[in-house]
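Subject: Structure handover

Hi,

Here is the structure we talked about. Please open it alongside this email; my notes follow below.

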Amino acid sequence: MARRKGKPIHGWLIVDKPLGVTSAGVVGKVRRLTGAAKVGHGGTLDPLASGVLPLAFGEATKTVAYAMNGTKTYRFTVRWGEARSTDDAEGEVTQTSDIRPTTEEIEAVLPGFTGELDQVPPAYSAVKVEGQRAYALARADIEVELEPRRIRIDEIRLTEEPDADHATFEVVSGKGAYMRSLARDLALALGTVGYVSALRRLAVGPFHEKDAISLDNLAALGHSAPLSDFLLPVETALDDIPALALTEAEGWSLRHGQPVAALPVVSRSSVGRIDPGAVICAMADGKPVALAQFMGAEIRPLRVLNL
């Protein structure tokens, strides 16, 4: 197998994605700026959305799924009185309404949008329909009926009403929740229509806005500071997963795809009870060795981390 070209950089970089660029576009620019051999992102943001876009370098790409499964925080503004084909400002107006909800009416419906909900994704989304992306079908004027999906909204707060046409909310949600769908459904519950006119992601799992660097500042790094000053460790995405310390010999076994006995590892740990099937981050010499799973009396490697 040919060796991947580029620098062997490992870790997480939190980029503040600007408006008007795709998440893939950010990955491409960062790869060119850093010369990294491998870069991926943890959670797509639409071109009309800004904010926290975690980028995984090297071995951190093996932990992307755990970052994407984490809780996310968003701030978005709804424009009342217009529905759009994309449920954001990019689409064509499909419906209008003269109804504008009051503060009291908005506050009254918010409790109905917390907890476990069934949500229909936007027509222009990356959801697959018979092997094709929904947005591709929508752009081809092919009508499809998307199935509702179970999502979780932990918190939704009304934070600002700049005028009668707009309201801004902050939302804490689980995986797979679309803010465009949430805005659309809020408007319908209030007897009107609406779309997302502005959207910013404030956090993804352990990655927060305060940790993010702009693309402009990243481009200037070569003249002021090394990239390593801004990289977070590979295991940062695994904050919600128990970390267990292994001996050098146990670490060697996992690195080479071999299981290790669970009892000695657990007996040395202060983590407490580990349920069967649980995924852990196996550590040796202060570095993550593998994502591993408890299977019977063994700890078996799932993804080996070559650090």
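Setting aside neighbours within four places in sequence, Ser97 is in contact with Gly81, Gly191, Thr192 and Val193; contact means heavy atoms within 4.5 Å. Ser97 sits in the loop between strand E6 (93–96) and H3. Its side chain makes a polar contact with the side chain of Thr192, at 3.3 Å. A polar contact is a pair of N or O atoms within 3.5 Å; within protein, one must be able to donate a hydrogen and the other to accept it, and residues adjacent in sequence count only if both atoms are side-chain atoms. Ser97 counts as buried because its relative accessibility is 16%. Buried means under 20% relative accessible area, exposed over 50%, and partly exposed in between (1.4 Å probe, protein chains only).

Two notes on the source. This is a predicted model: local features need pLDDT of at least 70, side-chain atom pairs count only at pLDDT 80 or more, and totals for chains, interfaces and linings use all residues. Residues are numbered from 1 along each chain as its sequence is written, and side-chain values use heavy atoms, with hydrogens and water left out.

Now the overall picture. The protein has nine helices and 19 strands. These are DSSP runs numbered from the N terminus: helices are H or I with at least four residues, strands are E with at least two. Of the 307 residues, 45% are buried. The C-alpha trace spans about 70 × 45 × 40 Å along its principal axes.

Next, the cores. A nonpolar core is a set of buried Ala, Val, Leu, Ile, Met, Phe, Trp, Tyr and Cys residues joined through side-chain atoms within 4.5 Å. The largest has 27 residues; Phe76, Phe169, Leu182 and Leu186 have the most contacts inside it. Helix H5 (179–189) is among the elements that give two or more residues to this core. H5 gives the most, with five. Beyond its neighbours within four places in sequence, Leu186 is in contact with residues including Phe76, Trp80, Ile156 and Phe169. A second, separate core of 16 residues includes Ile9, Leu13, Val26 and Leu55.

Last, helix H1. Its buried residues are Ser23, Val26, Val27, Gly28, Val30 and Thr34. They pack against strand E1 (11–17), strand E2 (39–41), strand E3 (49–57) and helix H6 (215–219). Just after H1, Gly35 takes a positive phi of about 70 degrees.

Best wishes
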